[in-house]
There are 4 protein chains.
Amino acid sequence: MTTTGRPLRVAMIGYAFMGAAHSQAWRNVHRFFPLELTPEMAVLVGRNAEAVQQAAATFGWAETATDWRAVVEREDVDLVDICTPGDTHAEIALAALAAGKHVLCEKPLANTVAEAEEMTAAAEQARARGVRSMVGFSYRRVPALALMRQMVAEGVVGDIRHIRGLYLQDWIVDPEFPLVWRLQKDKAGSGALGDIGAHILDAAEFVTGHRITGVAAQTETFVKERPLPGDAGTGLASTGGAGTGTVTVDDAAVVLARTDAGALATFEATRFATGRKNRIVLEVNGSKGSLAFNFEDMNSLEHYDLAAGDRAGFTTISVTEPTHPYLEAWWPAGHGLGYEHTFVHQARDLLAAIAAEEDPSPSFADGLRIQRLLAAVEQSAGAQAAWQQV
Amino acid sequence: MTTTGRPLRVAMIGYAFMGAAHSQAWRNVHRFFPLELTPEMAVLVGRNAEAVQQAAATFGWAETATDWRAVVEREDVDLVDICTPGDTHAEIALAALAAGKHVLCEKPLANTVAEAEEMTAAAEQARARGVRSMVGFSYRRVPALALMRQMVAEGVVGDIRHIRGLYLQDWIVDPEFPLVWRLQKDKAGSGALGDIGAHILDAAEFVTGHRITGVAAQTETFVKERPLPGDAGTGLASTGGAGTGTVTVDDAAVVLARTDAGALATFEATRFATGRKNRIVLEVNGSKGSLAFNFEDMNSLEHYDLAAGDRAGFTTISVTEPTHPYLEAWWPAGHGLGYEHTFVHQARDLLAAIAAEEDPSPSFADGLRIQRLLAAVEQSAGAQAAWQQV
Amino acid sequence: MTTTGRPLRVAMIGYAFMGAAHSQAWRNVHRFFPLELTPEMAVLVGRNAEAVQQAAATFGWAETATDWRAVVEREDVDLVDICTPGDTHAEIALAALAAGKHVLCEKPLANTVAEAEEMTAAAEQARARGVRSMVGFSYRRVPALALMRQMVAEGVVGDIRHIRGLYLQDWIVDPEFPLVWRLQKDKAGSGALGDIGAHILDAAEFVTGHRITGVAAQTETFVKERPLPGDAGTGLASTGGAGTGTVTVDDAAVVLARTDAGALATFEATRFATGRKNRIVLEVNGSKGSLAFNFEDMNSLEHYDLAAGDRAGFTTISVTEPTHPYLEAWWPAGHGLGYEHTFVHQARDLLAAIAAEEDPSPSFADGLRIQRLLAAVEQSAGAQAAWQQV
Amino acid sequence: MTTTGRPLRVAMIGYAFMGAAHSQAWRNVHRFFPLELTPEMAVLVGRNAEAVQQAAATFGWAETATDWRAVVEREDVDLVDICTPGDTHAEIALAALAAGKHVLCEKPLANTVAEAEEMTAAAEQARARGVRSMVGFSYRRVPALALMRQMVAEGVVGDIRHIRGLYLQDWIVDPEFPLVWRLQKDKAGSGALGDIGAHILDAAEFVTGHRITGVAAQTETFVKERPLPGDAGTGLASTGGAGTGTVTVDDAAVVLARTDAGALATFEATRFATGRKNRIVLEVNGSKGSLAFNFEDMNSLEHYDLAAGDRAGFTTISVTEPTHPYLEAWWPAGHGLGYEHTFVHQARDLLAAIAAEEDPSPSFADGLRIQRLLAAVEQSAGAQAAWQQV
């Protein structure tokens, strides 16, 4: 017995950290949200036949394959979900779009602006044929961030003057942590900047509706040489092997920015904020109030309403009410969600858009926009923080 | 393609709030935890054929049935999961155990001590035949509470002098909220006391290892007459219909207690703590330190270590490290879990125990013990807080 | 050059922790608040001539004396400020009132209800002669608690159903901490109960306007034998000397209560809450909202407004606005106050009342009321938590 | 009766917000700290004879004067305390130093680097004659910040990689707030930058021991025209009068920086962070741990110790223990201090240094250093965030 929606057959490429999170989404989204399209976990793709079979058994995919090129051409695949490192995003996405498959691509969209431009152009063309594409800025689907955007759009904070964004992690503070792919420029494109800076830049624009018009930035690689990885390693954990190699990406990036609507902004993305495991902070201060979000308390949103006079203060809204974004599907108020739910919500929005024959958001064009911001940050950082118009 | 564990066929009775949470557990547990037994969502049981079919489609159960008596006898059912109101727990559990099925029973175990005693005796007998039973004190599976227990057991806080437990909700503050089954003594046994007080009493004993030896208590029903429910209502939400009825359970209970190891304890369970959606607080103060948990920040545990001298303070441990209880299965550090994960962990522990031919915990005897505490609280409350030995 | 108010000459008896705090108040109150009466720090009284002279030099008192009986009779003394242990409150206050001196007496008012009754009767008689008296429940003068009372009185939280009060300290967790006077019943009357429990009981009634009508309680002395004190010791610090003695007061008290307006209440006072240095928590939940205070964040008040619907949440009001109680005298918003300011505010309220020929609050009658509550708690605790009407 | 230290006669110039805070310090410092030198509040100086007399009466100064030039020459004045707007700092300080008076000068030291250089040179010369000078970076005297510095110096956090400093206020969010002197460049030198940015830059260098070597910055004036002030206005409050004028200072400044020890830093100072009354945040992340301070919780310090492994977390140290900086003088643990205590501590350190014939810290040279940082920030902001070496 399954839900009655039409099936939408998904092929997913990659099965590490993001693959696990996406699998959880495909497996459960239709169990909570009423959908016209029901995802089928059709094919899992990876280079290592044995490993991909084990992953498919674990995650619940019906089939496996090792050649993504063949899979994206299959008639019985409707959507390609790209969970690989950034260096393969463009090639896979272009092939999938050309084959008429809907595409969900993990962020950052690509490793270069040129790739992202090509992907965006292809997505535009595919769109004319009813093929949908989306980039995986999953944090947009944290209910509290979605509510924050909604409240900004309602005018609750008035004109925004300040944007303050932080994405702080600490998983490579130990200099013995090995040189995994996320620390290699050819695989990952950049370091903290593209991996987590991309999220906070996207979140800032998503929430405020402002567009960043210029940046000044600095980046740093604190640990320049690391042990080569001794194991496959998945997610954000690994152990060191023999020999060392050079870290070719940034460990941290700090950014000043201005927006088209007159706000001053600061951003920071780092993997060296000891003790901050996955701290994503976004605060906006406006003429009528402020809003502040912290992923460490992901089920809450702080709101300051200037109009409340001497009874004002930051109000901790428990974003668990059925009237809050995505919450109609879940538990009673106060029974919070976790990290993985953002992926369920992402799948829901994508499936709903495909069913409605509408473009899902964020589009590849949105991904390209962030790519350009990342490039501007790198350029500024390489030029002693010289201002870069975007 | 599925995981390779032997199948364990589950029949679940009830499909409201708890049914949804348990379904999520059965659907996903083997996708994260390596298990010898893989649950199969075989049969969903409910009185209303149409409603149960819809629920089964939504949650992903293979079959439905309306007669639980027939289902618990079925050869192709291995485990019966009881998610009904408390007035039917005993009857179903006794039948299931008699039929040789493993049983998972929601808390509180029963509506009376007598029922709980009968169930516990039956479970003891069934156990001799290799039949396992467990009561669903799911909050034991919050990783932070499991870590709290572990740290107490390690002696981290020394001799515990104070236990402070709160379970605060506010979903019936509105006097127009209707008279749902949870507000009716014949269905629910008691009100805040059995529904949420049971959890905090169990959590306190689970974490500390102490046993409560006596209580003094008061209970109150603040809103004594409510509209009759106008809809089926599920979970903790409903709307009022025509006419009113009398609330026959407590809205709130406050308790003083002493333990066998010399601690003073206070407990409070209420549905009238306006603004506290699902606040579960447990703090213990010992001779060497303290530990404090708050479900509103469920991925954290506070620890005070007296030995740290003038550098001491409450340390907020982010209970998201792979070495923390249950966390080896989930996301990188800092990517927190939500409410429903407690049910996944519960399913994991139950399946592991069945596979290992061991008794899962908490047992029906543990459920009976809480039932006796609840009875003592009610007796004291009915006798002007007179002390009740337990 | 001094402020222009008429002088009011103060004699203070006792010069330890409370003496230092009161001195700070008398020295500064008129520098911040416009007052008709300007306190003069006239005479400091203590048994040890040398020690009292040193204290007077430190604190800024003009004269010293060793015989309080002579001092309370002096023509050039207008107000007697009693900062001694509880066993001498009654004797000194009665003499001072008889001599026509205004009296400020530290809490608890006395060591027994009988003493408190005699003091209250004397205060009533003195009042007819224009002599004012006040008991030092200084926490009433925390601006956030004063605002909390004001908001309750405005009806902001509606009908209060729950009161939750904690006063947690940990300064005697170490069993080697010596047997100071606060641990001796003949000096202190009781332990945590009278020392800090008195504050939280008073704060609860002050804020809510409710009157406690009955209590059930338990008390405990966790460490029954302690080293005799090796030094004079002041405040809450001391070191041990030779030999040991028996602790004759409670270390902790837990209380259930009901109020005349239908609320259920819980209270706890302890010196064994490891890591909680001076945690005073008061929360009330009402039909329209909630208010919560925590002295560890003394410049804030939490307010939940049910009417805000799905944008509701606990609002952290920074109680530092000039329109908040007592704040017109201090610093710009956000520049918080400290512990000692409560004594400045207490002095201000007392001086203003004397100048206005009005009765200051809390009166000796208020102190007596708390004394009766303390006695009821002790009685209940001595009778296995049997309910005591108050 | 006074304390027995030798008197040190103070003349204070200015009597608004800072004058009130400094008066509180001079009045009380010797009542808490044992000092060889006892301050005498000798002369208060202001241009308006009547207003200064009223202020002196309120604050407790013995005499008043309107001509600061005469006062700094007086034989019976030992120390000149400069609490005027920045445009007069240089002139007064130079005259006072020339007259051989010790000088305490509010921050920022001056309105220009040139003035600050002249003052620093004069201070150096005066020092040879035993004349001491100090600049009033009072937040260094918050016990938690002093402890933070001490812990960094002990190596507790290892090599610091990140510094994050915020000073957020909101007192001019209302566009009708008038054009007080702090919003005029000729009086105040700069806006948020010099007023509060100076504090956070100084605090960052004070705590870390790092020296900022370069900056990129942007500043903004969000409200460019404001009502002229209708009253004298003091502190951070005022009301508008007739007509409007142009705001000639920055409302906000954002800064990227690098330090001589390899850290990346970000700073922000703003008066437009709606709801943030006086939020001063300083966080450092190092190779062994992190420390974080927030003035809104000024009696606490957060410490993360990487060595604690999976029991690590941010520890909230209650900086109220007698062994913590400045705390030996105050109340028992947990009885927190307020904003004004920083000035008492500043007076204590200055008086102790003068008595010991040592140079107090921060010196005028330290003030000059911050002045250069402020100038570099302004220069960068005026050149599209171009990097400025310092």
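**Close-up 1. The buried residues of helix H5 in chain D of this predicted model.** Tucked away on H5(D) are Glu115(D), Ala116(D), Met119(D), Thr120(D), Ala122(D), Ala123(D) and Ala126(D). Look down the axis of H5(D) and these buried residues fall within an arc of 165 degrees, so they line one face of the helix. What sits over them? The cover for the buried residues of H5(D) includes helix H4 (89–98), strand E6 (133–136) and helix H10 (364–382), which belong to chain D.

**Close-up 2. The other side of H5(D), and what follows the helix.** Here Ala114(D), Gln125(D) and Ala128(D) are exposed. The helix itself takes in residues 113–128, 16 residues in total. From first C-alpha to last, H5(D) reaches 23 Å, close to the 22 Å expected at 1.5 Å a residue. After H5(D) comes Gly130(D), with a positive phi near 80 degrees.

**Close-up 3. Where chain A touches chain D.** Here 32 residues of chain A are in contact with 32 residues of chain D.

**Close-up 4. Where chain D touches chain C.** This time 38 residues of chain D are in contact with 38 residues of chain C. On the chain D side, the elements giving two or more residues are helix H1 (17–32) and helix H2 (49–59). The chain D residues on this side split into 17 nonpolar, 15 polar and six charged.

Conventions:
Residues numbered from 1 in each chain as written. Chains lettered and ligands numbered in written order. Predicted model: local features only at pLDDT ≥ 70, side-chain atom pairs only at ≥ 80, totals over all residues. Helix = DSSP H or I, 4+ residues; strand = E, 2+ residues; numbered from the N terminus. Expected span 1.5 Å × (residues − 1). Buried ≥ 20, exposed ≤ 12 C-beta atoms within 10 Å, placed from the backbone. Arc of directions from axis to C-beta. Contact = placed C-beta atoms within 7 Å. Nonpolar A, V, L, I, M, F, W, Y, C, P; charged D, E, K, R; others polar.
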